[in-house]
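Reader: I would like to go through part of this structure by question and answer. Please show it first.

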Amino acid sequence: MAHSTNLQTFADDLAAITGAEHFRIEDGVLIATPANTDEIAVILRHANKNSISIAPYGGGTKQSWGNPIQPALILHTHRLNSVREHTWQDMTCTVEAGCTWSSMQSVLAKHAQFVALDPLWPDRATIGGIAATNDSGSLRLRYGSLRDLIIGMTVALADGTIARSGGKVVKNVAGYDLHKLMTGAFGTLGIITEITFRLHSIPKHTQTFSIPSPDIEPLGKLLLKILDSHLSTQSLQLRSTTDDFHLEVRLATLPEVIHTQASSLTALAQSLHLSIAEHDPNVWTARQQFFDQTASCLIKATMLPTDISSITATIRNLGGTSITQATGIMTASIPASASSQLTSLREQLEAIHGSLTILHTPADATPVASSSPTDTLPLMRELKHRFDPNRILNPGRFLGGI
């Protein structure tokens with residue numbers, strides 16, 4: 001935090017950069033809303049010179065993720081809200097960081113295209129925030145992670161340098177994959193201002209199937225059978241409720257093929273003495289409900305697909321519920337009364353080459369570190385030092401206090 005003289009000088013500079021109508025002070029915190037990449041770069045240059053800490057802010061949907069910080073400046077991105085270019089013939093688009101996910105998808109849908117990702121709260125979450133937190137959902141099984149979908153990025157670095165990586169075509173070899181480094185960095189290495197995505201055609205026909213079971217073991221086996229099959233699976237998740245377990249499958253293929261594939265899925269289920277039932281149309285957005293359960297511990301865990309059923313059973317034994325994508329990414333809610341067991345759960349996951357991150361802990365829960373150090377922590381710290389030596393960008397928010 002800079003001393004008061006520097007802060008007042010910086011406040012005057014901010015008002016001049018963004019215009020007084022786009023700058024204010026609330027509870028001693030400076031709040032600026034720049035209009036473009038150039039303004040963000042100028043702000044960063046001044047902030048770096050005066051050691052002013054900055055936290056970028058999009059839709060605010062994931063501000064509780066990571067370690068809490070108290071910046072001197074909050075930089076809103078909602079004025080950077082347009083789809084700058086949609087080259088539908090090449091199936092790419094370039095979008096500003098403050099554009100909401102659903103707004104972008106609406107524009108792309110006019111040409112029956114979309115960015116094949118299903119992040120949390122698409123009506124409020126912004127492009128920049130989704131990339132900074134590396135959020136993804138069930139579509140990751142078929143289309144890959146966010147890093148696979150980003151082909152270019154514009155980033156304002158801590159010293160005010162504007163860096164561009166990748167390009168605007170799907171196949172390019174322009175420079176280092178800087179955008180892969182920025183994705184998931186929680187805004188600690190630079191502020192994302194624009195992203196270029198590769199696009200996919202919106203599937204013309206999809207159908208969801210739900211397979212319930214009071215026991216987890218047969219569903220775990222079915223999940224692996226589906227992954228090893230030739231079914232056109234778009235999404236696959238194992239959901240644990242307080243009563244039973246459900247395996248949800250979404251197929252995406254041609255209308256004339258879907259019936260054949262449905263029959264194949266039914267046969268796979270019947271081979272394990274399971275049957276297909278009616279499905280809830282909201283199952284693919286159900287993980288959002290976990291984030292409303294503030295009285296419980298909210299965790300994110302990773303594991304191999306072969307371990308999904310056993311970890312799901314462990315969560316159930318702790319009194320919790322979970323949703324796990326077939327890619328091995330789990331979101332789970334665990335009662336505060338069982339929070340003392342989170343350390344042993346983390347040890348169990350790490351023993352099978354998985355991980356556990358605590359996204360939310362209620363006040364009455366046993367304190368547990370949000371994440372455990374990894375062998376790559378020294379490298380990450382060195383990257384932070386090289387990109388942001390004065391530690392002005394979200395200082396302390398990332399793993400290990402980076």
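Residues are numbered from 1 along each chain as its sequence is written, and side-chain values use heavy atoms, without hydrogens and water. This is a predicted model, where local features need pLDDT of at least 70, side-chain atom pairs count only at pLDDT 80 or more, and totals for chains, interfaces and linings use all residues.

Reader: How many residues of strand E16 are buried?

Author: A strand (E) is a DSSP run of at least two residues, numbered from the N terminus. Buried means under 20% relative accessible area, exposed over 50%, partly exposed in between (1.4 Å probe, protein chains only). E16 covers residues 321-325 and is largely enclosed by the rest of the structure, because its buried residues number 5 of the 5.

Reader: Is Thr-331 buried or exposed?

Author: Thr-331 is part of strand E17, residues 329-335. Contact means heavy atoms within 4.5 Å; leaving aside neighbours within four places in sequence, Thr-331 has contacts including Phe-290, Leu-298 and Ile-323. Because its relative accessibility is 9%, Thr-331 counts as buried.

Definitions and conventions
Helices (H or I, at least four residues) and strands (E, at least two) are DSSP runs, numbered from the N terminus.
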